[in-house]
Amino acid sequence: MAMSFSQLGGIAGAPITAESGSIISGEASKATVSAWKSPATTTLRCAVRAPGGETDRISPSPPVSPVMRGDLSAACKAFDEAVVEQGRYARGGGAQDKGKGVPVYVMMPLDSVNMGNGLNRRKAMSASLQALKSAGVEGIMMDVWWGLVERDEPGVYNWGGYQDLLELAHKFGLKVQAVMSFHQCGGNVGDSCTIPLPKWVVEEMEKDPDLAYTDQWGRRNYEYLSLGCDTLPVLKGRSPVQCYSDYMRAFKEKFNHLLGDTIVEIQVGMGPAGELRYPSYPEQNGTWRFPGIGAFQCYDKYMISSLKAAAEGIGKPEWGNTGPTDAGSYNNWPEDTNFFRKEGGGWDGDYGEFFLTWYSQLLLDHGERILTSAKSIFENTGVKISVKVAGIHWHYGTRSHAPELTAGYYNTRFRDGYLPIAQMFARHGAVFNFTCIEMRDHEQPQDAQCAPEKLVRQVALATREAQVPLAGENALPRYDDYAHEQILNAASLNLDDDSGAEEMCAFTYLRMNPNLFQPDNWRRFVAFVKKMKEGKDTNKCWEQVEREAEHFVHVTQPLVQEAAVALSH
């Protein structure tokens, strides 16, 4: 009896044909998984750290070309060993000792659940999850879209596809980070599908366009409800925060039996792309292009009303009529504008301090409201609460940090904008999840003064001071060792001092797709996961870990090889 895993290619949206036989279960798996072994000799590659900090490669070798063996008894043995090893990881033994190593999660495709509330590409999903588990992955991250679950009527929830996906994760022993995605999917980097907000929410926004974030030119953004109306009963008698709370409560009631065991983290969406920020750099329709400074989003009537009240409160009513009028447009650079320029810019004056304090404080208040609710709902369930913060690294080397300011992070050369966020998270015991962990300064446009490494370091210092756990994500898909090494370095939180800082509490890899399962990418990924789980104190070189990880590559090779074949058709 033979078993095909070509359905794995379905994660890219390829048609799935019915397969005969069972997938990845019990004795059938043991009897059918092929075993692989490396050629008798391979060239050892080791990374040597040069004095300048760069990595020199010694004796580079081509990827190992596996040789197939038809010995099914060896296949059974190899698969059994993999299962035992993963069980050891799950129990906290070996390389996953408490306090050592960083568990790796993998983001699921955005459209894992379809518009009909069913699980997309079920067979491909099953094969993919088995491969991830065999590779030592701790778990998966899944978006639980508000626009799907509560799509048609307020208070009516359809969890269909998510129930199926969670059952699969539980079946394979994978933990789950569930994202309460209160934003629209579509229009941001990497968005491969469109999932709007619930129909009844969109209807209310059409009646009252000021429920949407608005820029100074009157352009509306429908990715996420404006925080200006957070507490107002504008959604058929409920406020947005009440809707978010009811949704999280319904999720808890539906999946209470999995909380703390399979579902170990609830990430609460707080803005576009699920991040705590304003939609200041929208890519949809070409509005913004990297590395533009973005634009303030405070011109809906609810935000302006708040601004007026704040200005009157300090005796400056003339400051409450509008936001800055000299801050340029989405694709300007700081020095193109009077407000953000380094010498004499409005950001550094009395009005700038007033406005930026108000603008950033509203974002903090928004986070505070939703975290207060999330904490009360999921208290004593054994799950962590987390919030994602955007890694806005472009123009970081300037004085004003304009793109961070328009996004709501009051971070300048003279002011730490991430410490107040970390302190707010600390009050609620939330994890600080940060992006752009894979990036290096020199890989980015130097004329735009991009500095992702410096930004990550600043955030790490802020979370340490606030005593908040830090988790990470990569901002863009990367499958190369160079990016993996940067993630490993960042995850170890080496801050060049004697603090003895701990490692990140988790890392989430973006994203499960066909490219991840390409042979070379998969080999590198498996080694990366193993290195992350071993932790920063390991004395093994990168290539030695790669060789040790080949055992797991061999076990999962039939999965990834068949996936590549399926994707080529």
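Rings of Phe, Tyr and Trp, the last taken by its six-membered ring, are paired here if their centres lie within 6.5 Å. By this rule the predicted model holds 42 aromatic pairs.

**Aromatic pair Phe296 and Phe339**
- Phe296 and Phe339 form an edge-to-face pair, with 6.0 Å from centre to centre and 85° between the planes.
- This pair links distant parts of the chain, since Phe296 sits in the loop between strand S10 (263–268) and helix H8 (301–313), whereas Phe339 sits in the loop between H8 and helix H9 (350–378), 43 residues apart.
- Phe296 is buried, and Phe339 is buried as well.

**Aromatic pair Phe507 and Phe528**
- The ring centres of Phe507 and Phe528 are 6.1 Å apart and their planes stand at 85°, so this pair is edge-to-face.
- Distant parts of the chain are linked by this pair too, with Phe507 in strand S14 (residues 506–509) and Phe528 in helix H14 (residues 519–534), 21 residues apart.
- Phe507 and Phe528 are both buried.

**Aromatic cluster and a charge over a ring**
- Phe296 and Phe339 also belong to one aromatic cluster, whose other members include Tyr213, Tyr278, Trp319, Phe340, Tyr351 and Trp358.
- Elsewhere, Arg440 lies over the face of Tyr482, at 3.7 Å from the ring centre.

**Helix H9 and the residue after it**
- Helix H9 has 29 residues and spans 42 Å from its first C-alpha to its last, which is close to the 42 Å expected at 1.5 Å a residue.
- Just after H9, Asn380 adopts a positive phi of about 65°.

How values were computed:
Residues are numbered from 1 along each chain as its sequence is written. This is a predicted model: local features need pLDDT of at least 70, side-chain atom pairs count only at pLDDT 80 or more; totals for chains, interfaces and linings use all residues. Side-chain values use heavy atoms; hydrogens and water are left out. Rings of Phe, Tyr and Trp (its six-membered ring) pair if their centres lie within 6.5 Å; planes under 30 degrees apart count as stacked, over 60 as edge-to-face and the rest as tilted. Helices (H or I, at least four residues) and strands (E, at least two) are DSSP runs, numbered from the N terminus. Buried means under 20% relative accessible area, exposed over 50%, partly exposed in between (1.4 Å probe, protein chains only). A charge sits over a ring if NZ of Lys or CZ of Arg is within 6 Å of the ring centre and within 35 degrees of the ring normal. The expected span of a helix is 1.5 Å times one less than its number of residues.
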